[in-house]
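User: I'm new to this one. Can you walk me through it?

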Amino acid sequence: MSTQKIVTPSAESIAQSARAAQKGGLPPVHLWNPPHCGHIDMRIARDGTWFYMGTPIGRPELVRLFSTILRKDGDEYVLVTPVERVGITVDDAPFVAVDFEQKDDALVFETNLGDFAQAGPEHPIRVVRDPQTNEPSPYIHIRADLEALIDRKSFYRLVDVGEHCEHEGAEWFGVRSAGIFFPIIPSAELR
């Protein structure tokens, strides 16, 4: 008979483990392989709001802490500590790019949680179009398979700095950053 105590993960226990694991900078979640402990009732809405048990998490520092231990395993988003791994729900992307700045020849994006990513080879921009409405959803890679949905105002600003360019044998409208052209829409569809 086992005397091992079975513990159900909670936001509090995960936050405590995450705090203990942090030593400045992002924790090495890619190196951790703890047992999967199921799912918790945590959700990231499309607008970047984090919810726990149906209620928005009102402490920005706690949301930031959780974001540092977020990882994508296949199609599943998980919070990972050295001792546990739990699944959470992400409606679209785990981050929202709320602004960008042009620095020299690069576009540097800032997320709702204070992460920065310079669009380029390591942080590509991609645009997905809804098959029914054709509405674009632009994303930028932030880190380790985690993306940010580029918010509407930033996307409009991207369009302002966009250009037409030859891409894969056709003319596209898109943006350039760090020497890379990121296509948004075929130029023919803008005429």
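User: What should I know before we start?

Analyst: This is a predicted model; local features need pLDDT of at least 70, side-chain atom pairs count only at pLDDT 80 or more, and totals for chains, interfaces and linings use all residues. Residues are numbered from 1 along each chain as its sequence is written, and side-chain values use heavy atoms, with hydrogens and water left out.

User: OK. How many helices and strands does the chain have?

Analyst: Three helices and 15 strands. Both are DSSP runs, numbered from the N terminus: helices are H or I with at least four residues, strands are E with at least two.

User: And how much of the chain counts as buried?

Analyst: 46% of the 191 residues. Buried means under 20% relative accessible area, exposed means over 50%, and partly exposed is in between (1.4 Å probe, protein chains only).

User: What share of the contacts joins residues at least 24 apart?

Analyst: 52%, among contacts between residues at least 6 apart in sequence. A contact means heavy atoms within 4.5 Å.

User: Now the core. How many residues are in the largest nonpolar core?

Analyst: It has 43 residues. Such a core is a set of buried Ala, Val, Leu, Ile, Met, Phe, Trp, Tyr and Cys residues joined through side-chain atoms within 4.5 Å. Those with the most contacts inside it are Met 42, Trp 50, Phe 66, Leu 79, Ile 88, Phe 109 and Ile 140.

User: Take Met 42. What does Met 42 touch?

Analyst: Leave out residues up to four places away in sequence. Then Met 42 touches Ala 11, Trp 50, Phe 51, Tyr 52, Ile 57, Phe 66, Leu 79, Ile 88 and Thr 89.

User: Let's do rings. How many aromatic pairs does the structure hold?

Analyst: Two. Rings of Phe, Tyr and Trp (its six-membered ring) pair if their centres lie within 6.5 Å; planes under 30 degrees apart count as stacked, over 60 as edge-to-face and the rest as tilted.

User: Why is the pair of Trp 50 and Phe 66 called stacked?

Analyst: Their planes are at 15°, so the pair is stacked. The ring centres are 6.3 Å apart. This pair links distant parts of the chain: Trp 50 is in strand E2 (residues 50-52) and Phe 66 is in helix H2 (residues 60-68), 16 residues apart.

User: Are those two buried or exposed?

Analyst: Trp 50 is buried, at 2% relative accessible area. Phe 66 is buried too, at 1%.

User: How far apart are the ring centres of Phe 100 and Phe 109?

Analyst: 5.3 Å. Their planes are at 35°, so this pair is tilted. Both Phe 100 and Phe 109 are buried.

User: Back to H2. What is Val 63 in contact with?

Analyst: Trp 50, Ile 57 and Leu 113, leaving aside neighbours within four places in sequence. Val 63 sits in helix H2. Its relative accessibility is 6%, so Val 63 counts as buried. The C-alpha atoms of Val 63 and Phe 51 are separated by 9.3 Å, and these residues are twelve apart along the chain.

User: Where does Thr 111 lie?

Analyst: In strand E8 (residues 106-111). Thr 111 is at 3% relative accessibility, so it counts as buried. Beyond neighbours within four places in sequence, Thr 111 is in contact with Phe 95, Val 96, Ala 97, Val 98, Ile 142 and Ala 148.

User: Where is Ala 144 placed?

Analyst: In the loop between E11 and E12. Ala 144 has a positive phi of about 35° although it is not a glycine. Ala 144 is exposed, at 57% relative accessible area.
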